[in-house]
Amino acid sequence: MGAHAKFSPSGASIWSNCPGAIALQSSAPDSSSEHAERGTAAHELLELKLTGRAVPVGSKMSNGIVLDEEDIAAVNIAVDYINEQVEDGDEWETETRHQFNDDLWGTIDFSRYRPSTKELLLADYKHGAGVLVPALGNLQGACYSMMKAKTLGNRGVADVTFTVIQPRCDQGQESLIR
């Protein structure tokens with residue numbers, strides 16, 4: 001497998017509406033932006049905090065980005081929300097790659113399975129401040145839900161909740177959308 005899935009969950013809203021986008025994307029050069037790199041660094045900090053690893057303020061993330069106070073505050077909102085969702089007996093993981101097949105795979109920011117009720121919670125952290133990403137009807141969430149349920153096999157899933165955590169978005173007061 002390469003660095004990106006042919007059918008990535010994050011691109012599901014594009015490739016499901018325009019199949020030609022896959023061919024076009026495969027011919028485009030890989031590129032990034034300062035915003036994307038900052039988002040990657042924020043995801044790394046989120047994982048470090050959720051797994052209990054201390055990160056001194058001013059530390060460089062693995063991609064060389066130093067997150068500022070606003071970035072750290074946003075990640076802390078996500079950490080607090082996620083920690084509120086975990087109870088004793090829950091099974092959870094962060095930044096875990098799940099695969100449906102060779103072409104459809106992705107990394108889920110946070111998932112929690114509650115064996116006692118068979119509830120599955122998936123959370124996707126969005127560090128962007130400009131464009132609100134709704135959870136309702138979110139094809140990325142649908143892909144992640146399908147992939148995570150597949151890994152649970154015959155254990156069963158009675159309920160799935162997909163949450164977008166986007167504390168920096170300036171569109172309204174709501175920072176958590178379910």
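**View 1. Helix H3 and its packing partners.** The buried residues of helix H3 pack against H4, S1, S2 and S3. Contact here means heavy atoms within 4.5 Å, and buried means under 20% relative accessible area, with exposed over 50% and partly exposed in between (1.4 Å probe, protein chains only). Helices (H or I, at least four residues) and strands (E, at least two) are DSSP runs, numbered from the N terminus. This is a predicted model, in which local features need pLDDT of at least 70 and side-chain atom pairs count only at pLDDT 80 or more, while totals for chains, interfaces and linings use all residues. Residues are numbered from 1 along each chain as its sequence is written, and side-chain values use heavy atoms, with hydrogens and water left out. In H3, the buried residues are Gly-39, Ala-41, Ala-42, His-43, Leu-45, Leu-46, Leu-48 and Leu-50. The 17 residues of H3 should span 24 Å at 1.5 Å a residue, and the end C-alpha atoms are 24 Å apart, which agrees; the expected span is 1.5 Å times one less than the number of residues. After H3 comes Gly-52, with a positive phi near 80°.

**View 2. The largest nonpolar core.** In soluble globular proteins, nonpolar side chains tend to be buried together. A nonpolar core is a set of buried Ala, Val, Leu, Ile, Met, Phe, Trp, Tyr and Cys residues joined through side-chain atoms within 4.5 Å. The largest one here has 20 residues, and those that touch the most other members are Leu-46, Leu-67, Val-75, Ile-82, Tyr-125 and Ile-165. H3, H4 and S3 are the elements that give two or more residues to this core. H4 provides the largest share, seven residues. Which residues does Val-75 touch, leaving aside its neighbours within four places in sequence? Val-75 is in contact with Ala-42, Leu-45, Leu-46, Lys-49 and Tyr-125.

View 3. A separate core of 12 residues includes Leu-104, Tyr-113, Leu-122 and Met-147. Met-147 belongs to helix H5. Is Met-147 buried or exposed? With a relative accessible area of 0%, Met-147 is buried.

View 4. Strand S3 (residues 119-125) pairs with strand S4 (residues 159-165) in the parallel sense, over seven bridges. Two strands count as paired if DSSP finds at least two bridges between them. Leu-121 has Thr-161 as its bridge partner in S4. From S3 the chain crosses through helix H5 (residues 139-152) to S4, making a right-handed β-α-β crossover. Right-handed means that, with the strands pointing away from the viewer, the path from the first strand over the helix to the second runs clockwise.

View 5. Side chains of opposite charge can pair when their charged atoms come close. A salt bridge is a side-chain nitrogen of Lys or Arg within 4 Å of a carboxyl oxygen of Asp or Glu, and a search of the whole structure finds nine. In one of them, the closest N and O atoms of Arg-38 and Asp-71 are 2.5 Å apart. Arg-38 lies in helix H3 (residues 34-50) and Asp-71 in helix H4 (residues 69-84), so the pair ties together parts that are 33 residues apart in sequence. Asp-71 counts as buried, at 1% relative accessibility.

View 6. Glu-91 and Arg-155 form a salt bridge at 2.7 Å, N to O. Because Glu-91 sits in strand S1 (residues 91-99) and Arg-155 in the loop between H5 and S4, this pair ties together parts 64 residues apart in sequence. Glu-91 is partly exposed, with a relative accessible area of 34%, and Arg-155 is partly exposed at 32%. Lys-126 and Asp-124 also meet in a salt bridge, 2.7 Å from N to O, and Lys-126 and Asp-124 are both buried. Elsewhere, salt bridges link Glu-87, Asp-90, Arg-112, Arg-114 and Glu-119 in a network.

View 7. Glu-95 is not a glycine, yet its phi is positive, about 50°. Glu-95 is found in strand S1 and is partly exposed at 23% relative accessibility. Lys-118, also a residue other than glycine, has a positive phi near 60°. Lys-118 is in the loop between strand S2 (105-114) and S3, and is partly exposed with a relative accessible area of 34%.
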